[in-house]
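Here are my notes on this model, point by point. Please read them with the structure open.

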Amino acid sequence: MSLKYAVLAALLEGEASGYELSKVFDVSLANFWPATPQQLYRELDRLAAEGLIESRTVPQERRPTKRLFSLTRAGRERLNAFAAAPTRRPTAVRDEFLIKIQAMDGVDPAEVRALVEERRSWALGKLARYERVRERLLGGRTEEEHLRDADRVGPYLTLAAGITFEQENVRWCERVLGVLERRAPAGSARQLLG
């Protein structure tokens, strides 16, 4: 899959500037399809050239002119075809951090602990952001009401996957920290717990 479909899916929410789309990627898509702003702007230009999106310019006072992008009928049809097609292969995790954990046995446990605590902190930060987005999406409704009545439930369901993923990251980090604590020699346990 290319960035193309992630951008088209983000535009289902409605017309948006490149800046607004980069914020959507940061908050709701980064957990499963990250993109830099430069990649995003290049992809917007390609999609416009293919006729899958269109743009219009909006003059602004005291700011540069803003380009707003929206899906075309062809873009929506292409996205619908993509969404209905079978997935080619299952997800593969490529994570440098896990390679470090694989090789941790020869490393100072305090350094490993610091890496794991950093990963746990990142996961907790993402969880906090995702929970704010969740509250905004629900808009005072219960989850059941939202899933029954909302025009679109895809954004909520992908957000729920991101929340579950980060909750599991936190649980796994806490397990690793517990293993490190139990493996620490008695004299160094206090130093490891820092």
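1. α1 and helix α3 (residues 37-50) pack at an angle of about 85 degrees, and their axes are 10 Å apart. The two helices are therefore roughly perpendicular to each other. Axes here are lines fitted to C-alpha atoms, for helices over the stretch in contact, and angles run from 0 to 180 degrees between N-to-C directions. Under 35 degrees counts as roughly parallel, over 145 as roughly antiparallel, 65 to 115 as roughly perpendicular, and the rest as oblique. Helices (H or I, at least four residues) and strands (E, at least two) are DSSP runs, numbered from the N terminus.

2. On the α1 side, the contact with α3 uses L3, K4, V7 and L8. On the α3 side it uses Q39, L40, E43, L44, L47 and E50. Contact means heavy atoms within 4.5 Å. By class, the residues of this contact are 6 nonpolar, 1 polar and 3 charged. Ala, Val, Leu, Ile, Met, Phe, Trp, Tyr, Cys and Pro count as nonpolar, Asp, Glu, Lys and Arg as charged, and the others, Gly among them, as polar.

3. A word on the basis. This is a predicted model: local features need pLDDT of at least 70, side-chain atom pairs count only at pLDDT 80 or more, and totals for chains, interfaces and linings use all residues. Residues are numbered from 1 along each chain as its sequence is written, and side-chain values use heavy atoms, with hydrogens and water left out.

4. How covered is α1? Mostly: 7 of its 8 residues are buried. They are L3, K4, Y5, A6, V7, L8 and A10. Buried means under 20% relative accessible area, exposed over 50%, and partly exposed in between (1.4 Å probe, protein chains only).

5. Now the pair α6 and α8. The axes of helix α6 (residues 109-138) and helix α8 (residues 154-183) come within 9 Å and cross at roughly 155 degrees. That makes α6 roughly antiparallel to α8. Their crossing is left-handed, meaning that the near helix is turned anticlockwise from the far one by less than a right angle; clockwise would be right-handed. The contact of α6 with α8 comprises 19 nonpolar, 3 polar and 9 charged residues.

6. L124 belongs to helix α6. With a relative accessible area of 36%, L124 is partly exposed. Its C-alpha atom is separated by 8.8 Å from that of N169, 45 residues apart along the chain.

7. Which residues touch H146 beyond its neighbours within four places in sequence? They are L137, L138, R141, R152, V153 and Y156. H146 sits in helix α7 (residues 143-149). It is buried, at 4% relative accessibility.

8. R152, one of the contacts of H146, also forms a salt bridge with E13 (2.1 Å, N to O). R152 lies in the loop between α7 and α8, and E13 in the loop between α1 (3-10) and β1 (16-17), so the pair ties together parts that are 139 residues apart in sequence. R152 is partly exposed at 32% relative accessible area, while E13 is exposed at 53%. A salt bridge is a side-chain nitrogen of Lys or Arg within 4 Å of a carboxyl oxygen of Asp or Glu. The structure holds 14 of them.

9. Two salt bridges fall within helices. R113 and E117 meet at 3.1 Å, N to O; both lie in α6, 4 residues apart, about one turn of the helix. R113 is buried at 11%, and E117 is partly exposed at 37%. R171 is partly exposed at 45%, as is E168 at 42%. Elsewhere, salt bridges that share partners join K4, E50 and R78 into one network.

10. Please check R62. Its phi is near 60 degrees, a positive value in a residue other than glycine. Most residues other than glycine have a negative phi. R62 is found in the loop between β2 (53-60) and β3 (63-71). At 87% relative accessible area, R62 is exposed.
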